[in-house]
Amino acid sequence: MALLKALLMAALAACVAGGAAAADDGHDHDRARRAVEEGRILPLRDILARAQADNVGQVLEVELEDERGVPVYEIKILSADGRVLKRHYDARTGALLKSRDGDRRR
């Protein structure tokens, strides 16, 4: 469990760092933190707990996106059988919005 938490935190840090570097103003991580603090979106740990409960595997990537005005956590998971699973969760409610199971990676 500790290894999983470390991997998740590393994935989040990479996404935040990458997002901040690509952002026009470089403050995406601040906006995300503020949105969590203000209760506008759920913390990533809550969404990851839901994703892990439904999908056994290793989290590869996490992004916080805006899809037509809706804040969405996009999570990519490498399943035990080698498929890359993509899950979109409403960042406000935690509801699963979209699910895609990719082909096996060889």
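1. **Basis.** This is a predicted model, in which local features need pLDDT of at least 70, side-chain atom pairs count only at pLDDT 80 or more, and totals for chains, interfaces and linings use all residues. Residues are numbered from 1 along each chain as its sequence is written, and side-chain values use heavy atoms, with hydrogens and water left out.

2. **Fold.** The protein has 3 helices and 4 strands. Both are DSSP runs, numbered from the N terminus: helices are H or I with at least four residues, strands E with at least two. Their order along the sequence is α-α-α-β-β-β-β.

3. **Burial and surface.** Of the 106 residues, 31% are buried. Buried means under 20% relative accessible area, exposed over 50%, and partly exposed in between (1.4 Å probe, protein chains only). The protein exposes about 6,800 Å², and carbon and sulfur atoms supply 53% of that.

4. **Core.** The largest nonpolar core holds 15 residues. Such a core is a set of buried Ala, Val, Leu, Ile, Met, Phe, Trp, Tyr and Cys residues joined through side-chain atoms within 4.5 Å. Helix H3 (44-54) and strands S1 (57-67), S2 (70-79) and S3 (83-90) each supply at least two of its residues. H3 gives the largest share, 4 residues. Among the residues with the most contacts inside the core are Ile47, Val59 and Tyr73. In soluble globular proteins, nonpolar side chains tend to be buried together.

5. **His88.** This residue sits in strand S3. His88 counts as buried, at 6% relative accessibility. Its side chain makes a polar contact with the side chain of Glu74, at 3.1 Å. A polar contact is a pair of N or O atoms within 3.5 Å; within protein, one must be able to donate a hydrogen and the other to accept it, and residues adjacent in sequence count only if both atoms are side-chain atoms.

6. **Salt bridges.** There are 7 in the structure. Each is a side-chain nitrogen of Lys or Arg within 4 Å of a carboxyl oxygen of Asp or Glu. Asp30 and Arg33 form one (3.0 Å, N to O). These two lie 3 residues apart in helix H2 (residues 28-37), so about one helical turn separates them. Asp90 pairs with Arg92 (2.9 Å, N to O). Asp90 is buried, at 6%, while Arg92 is partly exposed, at 42%. A network of salt bridges links Asp81, Arg83, Arg87 and Asp101.

Methods: Accessible areas come from the Shrake-Rupley method with a 1.4 Å probe; for residues, only the protein chains shown count as cover.
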